[in-house]
Amino acid sequence: MNIIKIIAGLSNPFKKYNNTRHNIGALFVKNLSKKFNIKLNIKNKFLGNIGIWKYNNQNIYLFVPSLYMNLNGISIRLISSFYNISYKNILIVQDDIYTNVGISRFVVSNNHYGHNGIKNIIYNFNKKCLLNRLCIGIGKPTNKHNLASYVLSEPLKEEKKLINKSINESINIVKNLIKKNISIKKI
């Protein structure tokens, strides 16, 4: 059974990216850590911030890479190698332009759908690896040529409310998956 041992929220470094659509994965991990009173600390050997969530008689590592999005796979590979955790036991939390704002979905796939963070994770692990992913919808820009500026900008006020609601609901789902030792593939 592929239970969750690492929850990695994809991100870009620096404060200017903190509240952008592309950093929704990091926002998820930070909200999860706040909800359960877990401190995220910088760990240079992993090139990111890590916290340990002691839940249901196990340690789940909460992780936010401190590299640019298109290099997040390097950080995630470092932490998984150090703790000898297979990619099968990692939940990657990402933004998703193919899902409407405020909707989250779990996916098990080796298709990156153009997401550079996912592309780098697949490259760093194995081109055929099936990644467990929580995709948090951010919607698409009206002009596909503005995709980079769209994902690197802050959501609108109403979108933020929907995204935060989706994150809170997803935190509860993840908590139950871990509590019941349910694999992402089974939901």
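What follows is a short exchange about cores, rings and cysteines in a predicted model.

Visitor: What makes Tyr17 and Tyr68 an aromatic pair?

Guide: Their ring centres are 6.4 Å apart. The cut-off is 6.5 Å, so the two rings count as a pair.

Visitor: Why is this pair called edge-to-face?

Guide: The angle between the planes is 80°. Planes over 60 degrees apart count as edge-to-face, so the label applies.

Visitor: Which parts of the chain does the pair link?

Guide: Distant ones, 51 residues apart. Tyr17 is in the loop between strand 1 (6–9) and helix 1. Tyr68 is in the loop between strand 4 and helix 2 (72–82).

Visitor: Is Tyr17 buried or exposed? And why is Tyr68 called partly exposed?

Guide: Tyr17 has a relative accessible area of 14%. Buried means under 20%, so Tyr17 is buried. Tyr68 has 37% relative accessibility.

Visitor: How many aromatic pairs does the structure hold?

Guide: It holds 10. Ring pairs also join Phe46, Tyr61, Phe82 and Tyr83 into a cluster.

Visitor: How do you know that Arg21 lies over the face of Tyr150?

Guide: Arg21 is 3.9 Å from the ring centre. The distance limit is 6 Å, and the position must also be within 35 degrees of the ring normal. Arg21 is listed as lying over the face of Tyr150.

Visitor: How do you know that Cys129 is in no disulfide?

Guide: The nearest cysteine sulfur, that of Cys135, is 14 Å away. A disulfide needs sulfur atoms within 2.5 Å, so Cys129 is in none. For Cys135, the nearest cysteine sulfur is that of Cys129, and Cys135 is in no disulfide either. The structure holds 0 disulfides.

Visitor: Why are Cys129 and Cys135 called buried?

Guide: Cys129 has a relative accessible area of 0%. Cys135 has 1%.

Visitor: Which residues have the most contacts inside the largest nonpolar core?

Guide: Ile4, Ile7, Phe28 and Trp53, in a core of 28 residues. Helix 1 (24–35) and strand 3 (48–55) are among the elements that each supply at least two residues. Helix 5 gives the most, with 6 residues.

Visitor: What does Ile4 touch?

Guide: Its contacts include Ile60, Leu91, Val174 and Leu177, not counting residues up to four places away in sequence. A second, separate core has 20 residues, including Leu10, Tyr87, Ile121 and Phe125.

Conventions: Residues numbered from 1 in each chain as written. Predicted model: local features only at pLDDT ≥ 70, side-chain atom pairs only at ≥ 80, totals over all residues. Heavy atoms only, no water. Core = buried A, V, L, I, M, F, W, Y, C linked by side-chain atoms within 4.5 Å. Buried < 20%, exposed > 50% of the residue type's maximum accessible area, 1.4 Å probe, protein only. Helix = DSSP H or I, 4+ residues; strand = E, 2+ residues; numbered from the N terminus. Contact = heavy atoms within 4.5 Å. Phe/Tyr/Trp six-rings, centres within 6.5 Å; stacked < 30°, edge-to-face > 60°.
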